[in-house]
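Reader: Please take a close look at one part of this protein. I would like the surface first, then one spot on it, with cut-offs stated.

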Amino acid sequence: MGLESYRQTPLAYVMFIIQCIILFVLSWPLWAAEDEEPAPADTTEATSQEASTEEGAAGTNETEPQAERQSLVYITPDKAKQRMAETLRHLKLFQREDEIIEMNGNNGPFAGLYLPENTGKPQGGVLILHDIAQHAHWPNTVSPIREYLPDYGWNTLSVFFEQYIQKPMPAIAPPASTTPSEDTAAVNDTQTAPESSENNADNTAENNAPENPEDAAENPATEEDAPAGDALDAIANNIDEVPDFNPAITPELLSQPAIPAEDVFLENMVLRVEDSLNKLNELGQYNLVIIANGYSANWAAKVLEKRLDGSSVGYALILIDAKSSDYPKVALNESLAKLNIPMLDIVTDQSAEMAHSIKTRKGTMLRNQNTKYMQLYLPAIKPDLTQTHNIISRRIRGWLLTNAAGEEIAVKEKNNF
């Protein structure tokens, strides 16, 4: 329908105007959006320009990002402390915090769990040492033993060990510092360096030489002729000088060999066992038995070897799946062979590696004529928190009654024994 048709009929003309108004209203948001500024696009462009500016500044100075960059801190969790904290929290939850005892050792305070005997007829004190990756209330072996023996006259003390040492990772050889081309360039520089230095020295001497030798003889060089900066530096260094309290690093100090980490760890473990035995002595226990589980047999053997200087009265040793330490290296069989005391060797591990170690240990004891040594095979204990009267606890109690039972005596009589 053309424009002439709208002019002929007034109603059609009115409809045409209404359609134009509707089209104008519907197209108004599009016109308004075109008139507005594209703020998000400009912001993105500005951000990209700032980022490119910062990258350019970083490219011009490569040392600043390395200096400002914070080094990452890697924290290795101390699992031994975590296990100790969880054990103490467990005992406090069940209102058994009276079993926790704190001892002062040579390397600082440490914690343990102590239970007195419940019969009125004390037999002695038992020190229980847990294995690696365990704690002083380990449910399979340590906890049943320390809770079972007090009902038969034994005072039990189970101590916490610190984190065990780990083998160091193998060292990685550093890459070559220079390439053949760099070595060749360095050789060429060293060959040409003396010639250039000699020429510079000759030129300097000629420039500094006085024109008249007689004037040089009459006016020798004095301290006043020295640069003023050197004198001021010397004075500034001597004003308010702070004394150095640290010992000077001398060649003799550098020549002393550093103590290996494995030796320090072994010494700490031995001191921990020694301090625990001293604590039992302070509590009035002189008939002492050490129950060592796993790798702790190495530290127990070292302590007993040190303590037993000819007299073996009042000591006994019980081993549960004892293993020789590879790092640090400890000759467990040789240390046990030197102990002429009642010794019970309990074996629950039936692996091939353990079988060879047990056979070697028994042969070492027979060669040294240690008649107080006894080897006993028992089935492994399944994890059970309520299994206090297990087979290991009962066999230990029976062996102690036959081979290490004591009686209450006076201190003077004990010292004269």
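**Surface and a nonpolar patch**

Author: The protein has an accessible surface of about 28,700 Å², and 55% of that belongs to carbon and sulfur atoms. Accessible areas come from the Shrake-Rupley method with a 1.4 Å probe; for residues, only the protein chains shown count as cover. This is a predicted model: local features need pLDDT of at least 70, side-chain atom pairs count only at pLDDT 80 or more, and totals for chains, interfaces and linings use all residues. Residues are numbered from 1 along each chain as its sequence is written, and side-chain values use heavy atoms, with hydrogens and water left out.

Now the patch. L11, Y13, V14, M15, F16, I17, I18, I21, I22, F24, V25 and L26 form a nonpolar patch on the surface. Together they have about 1,100 Å² of accessible area. Nonpolar side chains (Val, Leu, Ile, Met, Phe, Trp, Tyr) are joined within 5 Å, like charges within 9 Å.

Take F24. It sits in helix α2, residues 10-26. Helices are DSSP runs (H or I, at least four residues), as are strands (E, at least two), numbered from the N terminus. F24 has a relative accessible area of 42%, so it is partly exposed. That class lies between buried (under 20%) and exposed (over 50%), with a 1.4 Å probe and protein chains only.

For context, the protein has 17 helices and eight strands. Of its 417 residues, 31% are buried.

Technical notes: Patch = residues over 30% accessible without salt bridge, like charges linked within 9 Å, V, L, I, M, F, W, Y side chains within 5 Å. Salt bridge = Lys/Arg side-chain N within 4 Å of Asp/Glu carboxyl O.
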